[in-house]
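Reader: I would like a close look at a single part of this model. Keep it brisk, and give me the cut-offs.

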Amino acid sequence: IIPIGLADVKKTGTDVTLVSFGKIMKLVLEAADKLAEEGISAEVIDLRTVRPIDYSTIIESVKKTNRIVIIEEAWPLASISTDIAFNVQKDAFDYLDAPVKRVCTADVPMAYAPTLVEEFMPKLSTIIEEVKSVMYVK
C-alpha cells in the first residue's frame, strides 16, 4: 500500500496535469507560468519520491484536468514516466481527453559538450508544445 500524500501539488490547475520530480521542477513551474499567460491552467505535481510513487495524487489530478504531461530527465525507455503513463491509462483511462504525453531526454547517449547536453535535456519549448498538443491548441 502506497501512502497518500507523498507528492506535493505545487500549483493547482484545471486544464492539464504536469508531473515531474527533481531539479527539472524549476523548468516545469516556468512552463506552467508561461502557459498561464496563454490561458492554460496547469496543475503541477512534484512527486518528491519515486519509490514509492504517489499514484493517487496523480490520478485524482487527471480526473480533474483530463490531461497529463509527464516531464523527466531520463531516457524514455523504461523510465519513471513510462510507469506513470501506464498507471494513468490503467486507472484513469475513462477520464483522459487526450493521449498521455511524456517529455524526456533524447534517446541517445549523454554527451559531454555543453551544446550537446543542452540538446539532450528536456526544453521549456518542448514542454509547452506537448501541453498544447494535449489541449488541441496551436
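Author: **Helix 1 up close**

The buried residues of helix 1 are Met25, Leu27, Val28, Ala31, Ala32 and Leu35. Buried means under 20% relative accessible area, exposed over 50%, and partly exposed in between, with a 1.4 Å probe and protein chains only. Down the axis of helix 1, these buried residues fall within an arc of 155°, so they line one face of the helix. That arc is taken from the directions from the helix axis to the C-beta atoms. An α-helix has 3.6 residues a turn, so residues three or four places apart point the same way.

This is a predicted model: local features need pLDDT of at least 70, side-chain atom pairs count only at pLDDT 80 or more, and totals for chains, interfaces and linings use all residues. Residues are numbered from 1 along each chain as its sequence is written, and side-chain values use heavy atoms, with hydrogens and water left out.

Now the extent. Helix 1 covers residues 25-37, which is 13 residues. From first C-alpha to last it reaches 19 Å, close to the 18 Å expected at 1.5 Å a residue. The expected span is 1.5 Å times one less than the number of residues. Helices (H or I, at least four residues) and strands (E, at least two) are DSSP runs, numbered from the N terminus.

Next, the surroundings. The cover over the buried residues of helix 1 includes strand 1 (8-11), strand 2 (16-20), strand 3 (42-46), strand 4 (68-71) and helix 5 (124-135). Contact means heavy atoms within 4.5 Å. On the face turned away from the buried side sit the exposed residues Lys26 and Glu37. Just after helix 1, Gly39 takes a positive phi of about 85°.
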